[in-house]
Amino acid sequence: MVRVGVVGCGYWGSKHVRVLHATEGVDAVVMIDPVEDRLRSLARSYPADLRFGSVGEALEHVDALVVATPPTTHVAVALEAIRAGRHVLVEKPLATTVADADRLDRAAADAGVTLMVGHTFEYNPAVWKLRDLVRGGELGEVYYLDSARLNLGLYQRDVNVIYDLAPHDVSIVNYVLGVAPVAVQAWASHHAHHQFEDVAYLRLFYADRDLSANIHVSWLDPAKVRRVVAVGSAKMAVYDDIAEERIRVLDKGITLPSEDDSRTQPPMSYRYGDIVAPFVAPDEPLGVQDRHFVECVATGAVPLTDGASGLAVVAVLEAAQISLDRGRPVRIEEAMAEGPARVAA
Ligand SMILES: NC(=O)c1ccc[n+]([C@@H]2O[C@H](COP(=O)([O-])OP(=O)(O)OC[C@H]3O[C@@H](n4cnc5c(N)ncnc54)[C@H](O)[C@@H]3O)[C@@H](O)[C@H]2O)c1
């Protein structure tokens, strides 16, 4: 049995508190937040839980911690826990720099504790289905993925929209494609926020030049959109996380003329076929994720979304940030190499 503390009991941390209460193998849930009001309102639902204002006070009561504080505080909070020998699940993004993500990964390895990152969509049955479609070849040769995560809000205080929302999309495309990008180009602007970009577009390039991924994230859009489209040579698939049919496979595409016909035929013909909505299990991704964390802590298994997976996502975010600053595509290895120097600067 594992005693789990949730550090940061705000919007997302309170969901972890709820889910952990229903997670097998969890002995106790401990709530940690310096804002007394947050703890008091959660205590109405969970009066038996221990409550503390800081990680230090809670340490002797927990075996593992979920870090659900704002992104720029993840490293300090997680390092305190790791150095005290506690297992940690850090919310996305693992850190805001490659250097810090690497520091966390090394610290966890040195301490012999589990480090997992909250890439929640990798525990989403609809994303598993999309991965199966892409990797199983049903879509044919995959041309590109296109991801959109738009809404009006929730503006963050410490990071721009790329660091807030794009971790989801980057982790989804990494997971679905099974390969990491080699370079990123980003475009972004700030409108309603005086400091942080609230609208951004990322283009991810791969070693296979015929493959690409596009990501659009926004806090300033009239419609709530949570959609990933995969376009292949044989079929297309749409994963819409807020639709009733979360995955639809469209037998649609373009047929190129044969060499012989190319002089006499129109350049291409369009194929319209069936639209199929496969069954997707209704499991709550956060529940699946937290259960996996508790199992990894109990068994010592390496999490599906471990420190390396968190670092791979942060590398894309940092490359995107450098691309914004320099107005050109940036290779991931450039971001990895520059990381420590950028932090020092
Ligand atoms: N995986 C997901 O789908 C998902 C969804 C939303 C948010 N998140 C992540 O969850 C984290 C929290 O986001 P949020 O929207 O809940 O923010 P929030 O502002 O609502 O809550 C953050 C809480 O952390 C507390 N806090 C700050 N510093 C602390 C510290 N040093 N020790 C203890 N508590 C501290 C604050 O008092 C606050 O209650 C972020 O990293 C965010 O990216 C993940």
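Asp241 is partly exposed, with a relative accessible area of 23%; here buried means under 20% relative accessible area, exposed over 50%, and partly exposed in between (1.4 Å probe, protein chains only). The model is predicted, so local features need pLDDT of at least 70 and side-chain atom pairs count only at pLDDT 80 or more, while totals for chains, interfaces and linings use all residues. Residues are numbered from 1 along each chain as its sequence is written, and side-chain values use heavy atoms, with hydrogens and water left out.

The structure holds 16 salt bridges. One of them joins the side chains of Arg18 and Glu284 at 2.9 Å, N to O. Arg18 belongs to helix α1 (residues 11-21) and Glu284 to the loop between β14 (269-276) and α8, so this pair ties together parts that are 266 residues apart in sequence. Helices (H or I, at least four residues) and strands (E, at least two) are DSSP runs, numbered from the N terminus.

Arg106 is exposed at 54%, whereas Asp102 is partly exposed at 27%. Salt bridges also link Arg326, Arg328, Glu334 and Glu338 in a network. Within this group, Arg326 is placed in helix α9 (residues 307-326) and is partly exposed, at 38% relative accessibility.

Next come the domains. The domain assignment of the chain, with bounds from an automatic or database domain assignment, gives domain 1 (2-120 + 285-303) and domain 2 (122-276). Their centres, taken over C-alpha atoms, are separated by 30 Å. Contact means heavy atoms within 4.5 Å, and 14 residues of domain 1 are in contact with 12 residues of domain 2. The size of an interface is often given as the accessible area lost when the parts come together. Between domain 1 and domain 2 the buried area is about 1200 Å², with 64% of it from carbon and sulfur atoms; buried area is the accessible area (1.4 Å probe) that two parts lose on being put together, summed over both.

Across this interface the rule finds one salt bridge. On the side of domain 1 that touches domain 2, helix α8 (residues 285-299) gives the most, with four residues. Gln289 is found in helix α8 and counts as buried, because its relative accessibility is 0%. Leaving out residues up to four places away in sequence, Gln289 touches His16, Leu89, Glu91, Met116, Gly118, His119, Thr120 and Tyr123.

Helix α6 (residues 125-135) has as its buried residues Pro125, Ala126, Val127, Leu130, Leu133 and Val134. These pack against β7 (142-152), α7 (161-177), β11 (220-232), β12 (236-240) and β13 (247-255). Just after α6, Gly137 takes a positive phi of about 90°.

Key:
A salt bridge is a side-chain nitrogen of Lys or Arg within 4 Å of a carboxyl oxygen of Asp or Glu.
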